[in-house]
Amino acid sequence: MPDPKMKILVVDDFSTMRRIVKTVLKQLGFENIEEAEDGAQAFAKLQNNGFGFMVSDWNMPNMDGLDLLKKVRADAALKDLPILMVTAEAEKDKVITAIQAGVNNYIVKPFTAEVFKEKMDAIFEKLAKK
Amino acid sequence: MADEMEEIIADFVAESEETLDRVDPLFVELEAKGEDQEILNKLFRSVHTVKGAAGFLGFQPIVQVAHGAETIMKKVRDGEIALSRPLIDAVLKSVDMLRLLLRHVRDKDRIEENTAPVLEQQQQALAAATARTPEAPSEPASGKRRDEPREPPPAPAAAKDAGPAEQRGGEQPTDKQEALQTLRVPVAKIDRVMDQAGEMVLVRNRLLSLADRLGKRYGNDHDVQGLVEAVSFLDLVATDIQFSVMTMRMQPLEKVFNKFPRQVRDLSAQLGKNVLLRISGEDTEVDKAVIELIGDPLVHLIRNSIDHGLEPPAERTARGKPEQGRISIHAEQRGNNIIIELSDDGRGIDLERVRRKAVEKGLVSAEEAGRMSDENVMGLIFLPGFSTAEIATDLSGRGVGMDVVKTNITKLNGSVDVSSRPGVGTTFSIRIPLTLAVIPTLMVRSGGSQFALPLAPVEETQMITRKDLSDIAGMEALLVRGRVYPYFRLSDAIALSRTGAGDSRYAVIVTLGDKRFCLGVDELLGQEEVVIKTVSGVNGTAAHVLGATITGDGRVVFIIDLASLAKMVMGMAVR
């Protein structure tokens, strides 16, 4: 399991959703959490800020989650950042696109803290094996 | 944890309501522009986000209704079906239902709405649209941007309401921090700070006068000079704090204006009129209380314009006007006031008809009506019981409305003016003070004490003598231009003192909604803008006191609550 002091970025345009994700993360023992309202803001925040993990929504104004993902993967300094994408079932069919673009895992809304933990563990176990 | 949940739910309701408020204007824009990909995507996202969060919180009815609306928006956005009236109606109905469901969540009233009809409407609209669309889109405006890549969903280019977020395209976003630098703070907390700031201002005033006296007496003392200096600095800081807190309660008028496009759309469709609504200055900020009270009067004025002001399309064409009627709403800040102007290019107000109607309804005498200036005649439309519509329609013309407009605006210490030109149009101009914490008052003296009367309901003042007063059924009354008003000495009315009757030298004539009466005072001291301080330990309503203020010369003066006084006075007059 990753370090509980790891810095995590939560990206969603709906503040209630950010709050829900944050609450889940806190339940899992993570305290060092920052927020961004859309992809553009998130990308700016990621620069030189030592984030260890990012949870991003898909559908957002300005820059959506998929564009953000692509941008992060194309960035030399950020390309290895573990990313969990939050999707609604309406976007399920597009998950393939996200996987091709290099997302580490995805989770469908609404989810419980347990499912979230499973997904997160899966991501970090895989990374540890590499 | 339970508290945390409560907070999240409260946030969810507030944020969802804000999100949904943005939907109505988007639809109106969509109807004007046709299938604009950017607008469609915004609409989709609005319901989509509400649904997502509702799912977490277990509000299944919200999820279901939002899901249906979202499905429609998604299919339209992805070009699978063409936008049509029934689809728009279904989504708007869904949004209405979502608002209702959210309200139940907020009120925790456990009322269950029947969402079946809305879900049904969504299905039917969707089925009809799907049947119609296989090959060529049936709507003329559709197909505009069909050739755009469909996947991934095109990120809208720099949306104009994207707020403080950055402009798209720039690789290096600049003001990335800004958007998150907002906090939701309960109004009660801000009000408490406001109260405390007011409290501090009172202490400051006291310090100021003490420092002033000390300065005069021991002007050469070094410490006293220091004290005087420090106090005058405190003076500045306290004023700044008070102002800053006031601005915290301010919100853009957009919150109210955003509802109008939808209402105008629905109303004009209902009345067979073709209306173009223009809104400007919606970013003007006003006190929260103004936001809450200004909506109804404005809606009423808009209804009135559509119903009575604007001519039917055929009549407009015959008069050489553009077929589409225009209503424009403009807001701006002028000095310490907010001005909201609502104008239409309709038939204007027929003054002769207003005169006739007012006489018929017994609001003025025929002779009086003849003598009145045009401006005064225009003012008659705000009298209770006045309505020029021959037949009461569903929407306006019930004679309850214009006076409500005036009453609500008066509550905000504001005023409303009308100007109209026959055949050209009508403009209503509403003036509201920037903040409700500072009100213009009329300073008077009665029974040996000084009082402040809120200026807005004061119609006029008059010098009077004993013989102007007559006794009607044991009550004193004052005759003003042929009309009888109940008369009370201010000091008697608030049971301050009873030093002989009728020695007041001035009458202040007050109009509050349908209540009119005169207050006798000994002296008129002039107009003054005062800061209201709530008085603790005094039952405001019982004492007919709105609050207190400190005048420039350091005196504590009560501000009279004319509304509560009116109630008491009229109650007595009836008995």
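Student: Which strands of chain B does helix α10 lie across?
Tutor: In this predicted model, α10 (residues 260-271) of chain B lies across β2 and β4 of chain B. Its direction is at about 165° to β2(B).

Student: What about α16(B), which strands does that one touch?
Tutor: Helix α16 (residues 402-411) of chain B packs on the sheet and touches β6 and β7 (425-433) of chain B. The angle between the directions of α16(B) and β6(B) is about 140°.

Student: What's the strand order in that sheet?
Tutor: The order is β2-β4-β5-β7-β6 in chain B, an open sheet of five strands with mixed pairing. Since β2 (275-280) and β6 (415-421) of chain B are at the edges with a single partner strand each, one side of each has no neighbour in the sheet. From one strand to the next, the twist averages 15°.

Student: How many bridges between β4 and β5 of chain B, and in which sense do they pair?
Tutor: Eight bridges, antiparallel, between β4 (residues 325-334) and β5 (residues 337-344) of chain B. As one example, B:Ala331 has B:Ile340 in β5(B) as its bridge partner.

Student: Switching to helices. At what angle do α7 and α8 of chain B pack?
Tutor: About 160°, with the axes of α7 (residues 187-217) and α8 (residues 222-248) of chain B 9 Å apart. Angles over 145 degrees count as roughly antiparallel, so α7(B) and α8(B) are roughly antiparallel to each other.

Student: Is that crossing left-handed or right-handed?
Tutor: The crossing of α7(B) and α8(B) is left-handed. Residues in this contact of α7(B) with α8(B) comprise 19 nonpolar, three polar and two charged.

How values were computed: Residues numbered from 1 in each chain as written. Chains lettered and ligands numbered in written order. Predicted model: local features only at pLDDT ≥ 70, side-chain atom pairs only at ≥ 80, totals over all residues. Axes fitted to C-alpha atoms, helices over the stretch in contact; angles between N-to-C directions. Helix = DSSP H or I, 4+ residues; strand = E, 2+ residues; numbered from the N terminus. Parallel < 35°, antiparallel > 145°, perpendicular 65-115°, else oblique. Left-handed = near helix turned anticlockwise from the far one by under 90°. Nonpolar A, V, L, I, M, F, W, Y, C, P; charged D, E, K, R; others polar. Pairing = 2+ DSSP bridges. Contact = placed C-beta atoms within 7 Å.
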